[in-house]
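User: Hi! Could you walk me through this model? I'd like to go topic by topic.

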Amino acid sequence: MFPKISIIIPCFNHGHFIREAIDSVGQCKDKDLYEIIILNDGSTDEYTIDQLKKLSSEGYHVINQENMGLGAARNNAIKKAKGKYILPLDSDNKIRPEYIYESIKILDSRSEVAMVYGDAQYFGDKHGVNKPGEFNLQKLMLENYIDACAVYRKSVWEEIDGYDEIMPVMGLEDWDFWLKMAFGNYTFFYIEKVMYDYRVLQKSMLRSLSVSQREILYNYLEKKHYRYMHYHSLNDTLIRAATQNKKLVFKLFLSL
């Protein structure tokens, strides 16, 4: 019997956190509902390597590969997934058991829904709750407001060719993935409830991006999705301005 949901945990030098991520999944007592796939993306930290070896010896499904980046790490793990639904979980974050139960219930009962996402409880260097709100295409075109920790159908991942593995700078693979899904007219479903815990680190991958790296990423996404952006009346000027003042541009766009 196959699990309903495959929880994908890419790991690069996050050995100090990965046990917390795995233990959070284990809070769901219905073990038959899910599987955990850990993808070691060429970790170089000895502690992380040791922890991943221990997890493998304990029976966890650990895949080892040379460092290929986040997009390839997720794709290669999902290729091995047996679940009908996919839940990417960063190795330094945690999920709530309700996320598994509620996402399965929604996706099982509503065939038109392609993905489910919810609120996040911050912990670490920041506290509070992140509430992304109901799906809004214009907002998604301006910023990556939906975290990677969402549940979607594996069939959708196959249909839109998975995560981008050739982005010039790592950091926005999930944004690109949501844009491909949105422009493919797939349906997003928002649960207004805390579904996972998001660790905020001052030295996280996204926080470490320079201004020039962010500009490279925005330009790459703009060119890649230009015809869709243009179709939805978001012009080049707005996209460039959005990198500097997203809230202002969003308000201006809504007033058009």
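User: How do strand 1 and strand 4 pair, in the parallel or the antiparallel sense?

Analyst: Strand 1 (residues 5–11) runs parallel to strand 4, with four bridges between them. Ile8 sits opposite Pro88 of strand 4. Strands here are DSSP E runs of at least two residues, helices are H or I runs of at least four, and both are numbered from the N terminus. Two strands count as paired if DSSP finds at least two bridges between them.

User: Before we go on, what sort of model is this, and what are the ground rules?

Analyst: This is a predicted model, so local features need pLDDT of at least 70 and side-chain atom pairs pLDDT 80 or more, while totals for chains, interfaces and linings use all residues. Residues are numbered from 1 along each chain as its sequence is written, and side-chain values use heavy atoms, leaving out hydrogens and water.

User: Thanks! And which sense does strand 4 take with strand 8, parallel or antiparallel?

Analyst: Strand 4 and strand 8 (residues 151–153) are antiparallel, with two bridges. Ile86 has Tyr152 of strand 8 as its bridge partner.

User: Are the faces of strand 4 covered or open, and which residues are on each side?

Analyst: Both are covered: Tyr85 and Leu87 lie on one side, Ile86 and Pro88 on the other, and all are buried. Buried means under 20% relative accessible area, exposed over 50%, and partly exposed in between (1.4 Å probe, protein chains only). In a regular strand, side chains alternate between the two faces of the sheet.

User: Switching to helices: why is helix 3 largely enclosed?

Analyst: Nine of the ten residues in helix 3 (residues 70–79) are buried, so the rest of the structure largely encloses it. Among the buried ones are Arg74, Asn75 and Asn76.

User: And what covers the buried residues of helix 1?

Analyst: The cover includes strand 1, strand 2 (34–41), helix 2 (46–57) and strand 5 (94–95). The buried residues of helix 1 (residues 18–26) include Ile18, Ala21, Ile22 and Val25.

User: How many residues are in the largest nonpolar core?

Analyst: It has 72 residues, and those with the most contacts inside it are Ile95, Tyr99, Tyr152, Trp178 and Met181. Helix 7 (residues 173–183) gives the largest share, seven residues. A nonpolar core is a set of buried Ala, Val, Leu, Ile, Met, Phe, Trp, Tyr and Cys residues joined through side-chain atoms within 4.5 Å.

User: What does Tyr99 touch?

Analyst: Leaving aside neighbours within four places in sequence, Tyr99 is in contact (heavy atoms within 4.5 Å) with residues including Leu87, Val116, Cys149, Val151 and Met195.

User: Where is Ser210?

Analyst: Ser210 is in the loop between strand 9 (187–200) and helix 8 (211–224). Ser210 is partly exposed, because its relative accessibility is 29%. Its side chain makes a 3.0 Å polar contact with the side chain of Ser212.

User: Last one: how many disulfides are there?

Analyst: Zero, taking a disulfide as a pair of cysteine sulfur atoms within 2.5 Å. Cys11 is buried at 1% relative accessible area, and Cys149 is buried at 4%.

Key: Polar contact = N/O pair within 3.5 Å; in protein donor to acceptor, adjacent residues only side chain to side chain.
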